[in-house]
Amino acid sequence: DSAFAMPTSRHATTVRLVVALLLSTTGRLPAAPPSRCIGAPTPPAPSALARRARVEQEMAWAVRTAPGLPRHRLLDRMRTYGVPGLAIAVIHRHRIDWVASYGWADVARAIPVTDTTRFLPGSISKTVNALAALALVDAGRLGLDDDVNGRLVRWSVRSTVLSRGQPVTLRRLLSHTAGTSVRGFWGYPAGAPIPTLRDVLDGRAPATSAPVRVVRPPGADVAYSGGGTLIVQQLLEDVTGRPYASLVRSSVLAPLGMQCSGMEQPVPQALDAAVARGYRPGGVPIPDGRMVLPEQAAAGMWTTASDLGRLVVALGRALVGEASAPLSSRVAAWMTTPVRAGAPALGLFIRDSAGVRLFEHSAGNQGFSGIIAGVAGRGDGVAVVQNGESAAMLEEVVRTVARVYGWPLLGDPPSGIAGPLPTPPPPSLLEALPGIYRDSDRLIRVTRHGDTLRYQAAEAPMDIRMIGIDRFVTVESATDKRIVRDASGRVVAIARLLNGREVGRARREAPFDPPDQWLDAIVGRYRDPRGGAFRITRSGRTLALVQHGVAQPLLAVSPSRLLAPADFLVRWDVVSDRRGRILALRIDAGAGPERADRVGR
């Protein structure tokens with residue numbers, strides 16, 4: 001047990017990490033998850049309970065600045081967004097201030113979420129993966145700027161004209177600047193064939209994702225790549241000779257006290273009752289409760305809000321140079337310093353404004369999602385996990401915590417709503433604004449409902465309220481929006497503003513209302529080059545792709561193109577013959593197009 005105790009000096013910290021790394025290569029630490037899972041570290045103080053009550057009772061962004069708007073409770077917002085269960089850990093002054101759980105881990109069996117309920121939120125795994133990799137760098141066993149092919153043994157990055165003279169390095173992989181493909185992974189249902197790591201890297205059956213390749217010049221651009229994270233997973237296994245889950249447990253989870261977390265996939269059977277069941281939008285349960293994610297480094301960690309809170313605490317303490325922090329200050333600096341302007345840091349995303357630096361990472365798997373965020377140098381932060389897929393729910397929780405705790409930047413009110421109460425949209429906008437808008441990898445819909453307009457970004461629709469000419473907010477949103485028009489006055493985009501500065505722009509998509517004949521023609525069975533089969537189904541005017549018993553919506557934006565809103569807006573081009581018969585779909589998932597032939601109805 002003493003090997004997992006929190007070190008008491010900087011020398012002890014270094015020794016502890018080196019010992020953990022040595023153990024990870026000798027095989028003396030078991031791969032099995034720990035038997036003891038600890039939730040909230042201490043009972044919250046009365047002042048913490050008061051802060052928790054404010055978070056629970058004062059959800060929705062505009063409460064403070066527009067008192068005429070209704071207040072919303074956290075449980076109300078969970079119902080609005082279709083989130084069955086949720087857990088929060090709030091960090092204040094370098095310690096966990098409080099932990100709270102809400103709703104159901106398993107709706108059908110009426111099992112509530114507790115402080116020790118595990119979730120599978122997804123990409124926060126990348127932050128833990130970065131910690132494992134940087135521990136090896138800190139110990140001198142890996143170089144941040146070395147070509148990873150020099151240390152990879154069982155797989156290698158294919159050299160292309162794009163990568164000549166610009167190697168794929170650990171620094172670039174951890175900051176999504178390596179130019180690698182495949183943004184995310186959907187997982188595999190229980191009972192389906194599970195690919196090995198090398199199967200996934202090569203896009204080889206039974207893997208259903210595209211191969212991981214260099215598709216942009218390394219170092220040139222930021223392009224989020226779960227595929228690149230899997231290269232790091234292979235690198236760590238090759239360098240240490242250890243299975244990935246054991247390595248991460250000994251080098252990261254145990255030193256940080258994250259005893260309720262693990263990278264084992266599938267989740268060990270002994271923990272089946274301790275891991276929440278996942279739910280798709282609309283409360284549809286994931287078959288067998290959860291998907292299997294062999295892509296451990298990218299999305300495979302099961303964890304709790306308390307454990308993620310411990311990770312945020314460790315980063316915060318290391319950043320201010322605390323001698324007893326379980327991380328070195330060098331590792332913490334790597335993880336919170338962007339590799340260049342506009343790029344992520346190593347394992348975390350960064351927001352800088354007016355001398356304030358926020359670090360964060362969000363996450364989403366089928367049926368689960370989560371987020372961690374912290375204020376560098378302040379010792380404040382939050383971790384949220386849920387067995388639903390609502391990004392808006394997570395954003396509301398984070399920004400409500402930021403408001404209650406007075407965080408700079410996130411805790412500032414949106415510009416423009418501190419004055420008069422926002423008003424309904426004028427008649428001129430009721431016809432001009434509705435439509436579909438595309439912002440990077442998400443779609444935004446504006447719809448009319450009588451004399452009101454609703455704004456929806458893959459979530460529950462939110463009522464639009466005007467704060468000026470061509471400026472609006474929603475009660476739930478942290479940002480205010482500006483309507484962008486062309487020279488003729490036609491609405492062409494919606495810009496998102498944070499503290500008066502534009503942080504994103506959604507451009508209007510040309511309207512397309514597919515005829516019934518086209519909808520009928522695209523319905524059918526398809527098979528991709530790796531042998532993966534899926535179906536396109538139709539319900540009324542709505543299309544969906546069904547694979548492994550799980551359906552995801554598809555949006556037709558033209559007679560020759562479909563988008564998958566829930567899958568990072570992956571593009572599907574429709575291949576037709578001269579008679580207009582649909583022959584195939586050409587899929588662009590980040591590694592170049594692949595053709596999936598239509599094989600029947």
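**Local geometry and packing in a predicted model**

D288 is found in the loop between β5 (284-285) and α9 (296-299). Helices (H or I, at least four residues) and strands (E, at least two) are DSSP runs, numbered from the N terminus. The model is predicted: local features need pLDDT of at least 70, side-chain atom pairs count only at pLDDT 80 or more, and totals for chains, interfaces and linings use all residues. Residues are numbered from 1 along each chain as its sequence is written, and side-chain values use heavy atoms, with hydrogens and water left out.

D288 is not a glycine, yet its phi is positive, at about 65 degrees. Its relative accessibility is 57%, so D288 counts as exposed. Here buried means under 20% relative accessible area, exposed means over 50%, and partly exposed lies in between (1.4 Å probe, protein chains only). V182 also has a positive phi, near 70 degrees, and is a residue other than glycine. V182 lies in the loop between α5 and α6. With a relative accessible area of 5%, V182 is buried. Most residues other than glycine have a negative phi, and most peptide bonds are trans.

Two cis peptide bonds can be described. One joins A205 and P206, with omega about 10 degrees. P206 sits in the loop between α6 and α7 (226-240). Another runs from Q265 to P266, with omega near -5 degrees. P266 is found in the loop between α8 and β4 (279-280).

At the level of the whole chain, the protein has 14 helices and 25 strands. Of its 601 residues, 55% count as buried. Contact means heavy atoms within 4.5 Å. Among contacts with a separation of 6 or more, 62% come from residues 24 or more positions apart.

V550 is found in strand β21 (residues 550-558). Its relative accessibility is 9%, so V550 counts as buried. V550 and I286 are 264 residues apart in sequence. Their C-alpha atoms are 7.6 Å apart in space. Neighbours within four places in sequence aside, V550 is in contact with R280, P287, M291, Q366 and L545.

Helix α8 (residues 244-253) is mostly covered, with 10 of its 10 residues buried. Among these buried residues are Y244, V248, R249 and L253. Two packed helices are described by the angle between their axes and the distance between the axes. Axes are lines fitted to C-alpha atoms, for helices over the stretch in contact, and angles run from 0 to 180 degrees between N-to-C directions. Helix α4 (residues 125-138) packs with α8 at an angle of about 80 degrees, and the axes are 9 Å apart. Angles under 35 degrees count as roughly parallel, over 145 as roughly antiparallel, 65 to 115 as roughly perpendicular and the rest as oblique. Helices α4 and α8 are therefore roughly perpendicular to each other. On the α4 side, the contact is made by V128, N129, L131 and A132. On the α8 side, Y244, V248, S251, V252 and L253 take part.

S181 lies in the loop between α5 (170-174) and α6 (197-202). At 2% relative accessibility, S181 counts as buried. A polar atom of the S181 side chain lies 3.1 Å from the backbone oxygen of P211.

Aromatic pairs were counted next. Rings of Phe, Tyr and Trp (its six-membered ring) pair if their centres lie within 6.5 Å; planes under 30 degrees apart count as stacked, over 60 as edge-to-face and the rest as tilted. By this rule the count is six aromatic pairs. One of them, F512 and W518, is edge-to-face: 5.8 Å centre to centre, with 90 degrees between the planes. F512 is partly exposed, with a relative accessible area of 23%. W518 is buried, at 13%. Y526 and F534 have ring centres 5.5 Å apart and planes at 5 degrees, so this pair is stacked. Y526 counts as buried at 1% relative accessibility, and F534 counts as buried at 5%. Ring pairs link Y526, F534 and W572 into a cluster.

A charge sits over a ring if NZ of Lys or CZ of Arg is within 6 Å of the ring centre and within 35 degrees of the ring normal. K481 lies over the face of Y455, at 4.8 Å from the ring centre.

How values were computed
A polar contact is a pair of N or O atoms within 3.5 Å; within protein, one must be able to donate a hydrogen and the other to accept it, and residues adjacent in sequence count only if both atoms are side-chain atoms.
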